[in-house]
Amino acid sequence: MEVVIVPDAKTGGELIAEAMARLLRRKPGALLGVATGSTPLPVYDALAAKVRSGAADVGRARIAQLDEYVGLPAEHPESYRSVLHREVLEPLGMGMDQFTGPDGTAEDVQGACEAYDKALSDAGGVDLQLLGIGTDGHIGFNEPCSSLASRTRIKTLTEQTRIDNARFFGGDIDQVPHHVITQGIGTILEARHLVLLATGEGKADAVAATVEGPIAAVCPASALQLHPHATVVVDEAAASKLKLADYFRHTYLNKPEWQGI
């Protein structure tokens, strides 16, 4: 995998937004997989700026959801459908007809998981999937010891993940659902390009385990090592535990500009 060390989150966001813009120039109808949380916001801000300036066209693009809480109504402000509408679709000027995601309120949750996996396949697959990473190495909501071949399914959140996400629920962990629908690691690995963005010292251990550790279910993000086109973009703080940081800086500095990420 390629590791790109950037000075700060804003620079990382601009780098990834440029990769998305290049993809859309090659393939205007590309399916972009998006993640929620605070980490990817600089990406969405930078891409929206490109759309406003005419440097990117999302008129035919499509957006795919990575995960969703089970039991939260779609209109709940912290349902990921609502969050993505606020933070991605509206700033980009995209409509809900360009969006696809799992139904977290379905009576048959397992059926909804299988239907979403099929919907991604029927749409031609995800062209670029943006990922964040948890402090325990989870991607999507694939918690430690998730199967590396898993498909879209229901998962039970760890206490740490619920603590981490309580900030979106007024600091009240009791308001954070226990269950989620998430694309499985096997589903995520089917995207043509995986881009993981991590910022802050709190993610340093997880980044080191993902990039330099063994491929192991205890660190779900380490499965990115199996992907033919995976890019990990990290700021200096998140890169602070990487033993090969100098090598990663050297390789990125000396690659042809036209390659992008």
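Me: What should I know before I start?
Reply: This is a predicted model, where local features need pLDDT of at least 70, side-chain atom pairs count only at pLDDT 80 or more, and totals for chains, interfaces and linings use all residues. Residues are numbered from 1 along each chain as its sequence is written, and side-chain values use heavy atoms, with hydrogens and water left out.

Me: How do strands pair in a sheet?
Reply: Strands of a sheet pair through backbone hydrogen bonds, either parallel or antiparallel. Helices (H or I, at least four residues) and strands (E, at least two) are DSSP runs, numbered from the N terminus. Two strands pair if DSSP finds at least two bridges between them. Here 7 strands form an open sheet with parallel pairing, in the order 1-10-9-6-2-3-5.

Me: Which strands are at the edges of that sheet?
Reply: Strand 1 (2–6) and strand 5 (99–100) are the edge strands, each pairing on one side only. Strand 5 runs parallel to strand 3 (residues 62–65), joined by 2 bridges. Across that pairing, isoleucine 63 faces phenylalanine 99 of strand 5.

Me: Which strands pair in the antiparallel sense with strand 8?
Reply: Strand 4 is joined to strand 8 (residues 179–182) by 3 bridges, and the two run antiparallel. Glutamate 68 stands opposite isoleucine 181 of strand 8. Strand 7 also pairs with strand 8 in the antiparallel sense, over 4 bridges. There, threonine 156 has histidine 179 as its bridge partner.

Me: How do I read aromatic pairs?
Reply: Look at the distance between ring centres, then at the angle between planes. Rings of Phe, Tyr and Trp (its six-membered ring) pair if their centres lie within 6.5 Å; planes under 30 degrees apart count as stacked, over 60 as edge-to-face and the rest as tilted. The count in this structure is 5 aromatic pairs. One of them is tilted: tyrosine 69 and tyrosine 80 are 4.7 Å apart centre to centre, with 45° between the planes. This pair links distant parts of the chain, 11 residues apart: tyrosine 69 is in strand 4 (residues 67–69) and tyrosine 80 in helix 3 (residues 80–92).

Me: Are those two tyrosines buried or exposed?
Reply: Buried means under 20% relative accessible area, exposed over 50%, partly exposed in between (1.4 Å probe, protein chains only). Tyrosine 69 counts as buried because its relative accessibility is 1%. Tyrosine 80 is buried too, at 8%.

Me: Why is the pair of tyrosine 69 and phenylalanine 141 tilted?
Reply: The planes of these two rings are at 45°, so the pair is tilted, with centres 6.0 Å apart. The partners are 72 residues apart, with phenylalanine 141 in the loop between strand 6 (128–131) and strand 7 (153–156). Both tyrosine 69 and phenylalanine 141 are buried. Ring pairs link Tyr69, Tyr80, Phe141 and Phe169 into a cluster.

Me: How do I judge whether cysteines are bonded?
Reply: A disulfide is a covalent bond between the sulfur atoms of two cysteines. The test is a pair of cysteine sulfur atoms within 2.5 Å. The whole structure has 0 disulfides. Cysteine 145 is in none; its nearest cysteine sulfur, that of cysteine 219, is 11 Å away.

Me: Where does cysteine 145 lie?
Reply: Cysteine 145 is in the loop between strand 6 and strand 7. Its phi is positive, about 80°, although it is not a glycine. Cysteine 145 counts as exposed, at 60% relative accessibility, whereas cysteine 113 is buried, at 0%.

Me: How is a pocket found?
Reply: Rolling a probe the size of a water molecule over the atoms shows where empty space is left. On a 1 Å grid over the protein atoms alone, a pocket is an open set of points where a 1.4 Å probe fits, with protein on both sides within 12 Å along at least five of seven lines; lining residues have an atom within 4 Å of a point. In this structure, the largest pocket is lined by 27 residues, and Thr36, Gly37, His138, Asn165 and Arg167 lie nearest its centre.

Me: Which helix gives the most to the lining of the largest pocket?
Reply: Helix 3 does, with 4 residues. Helix 3 and helix 5 (159–165) each supply at least two.
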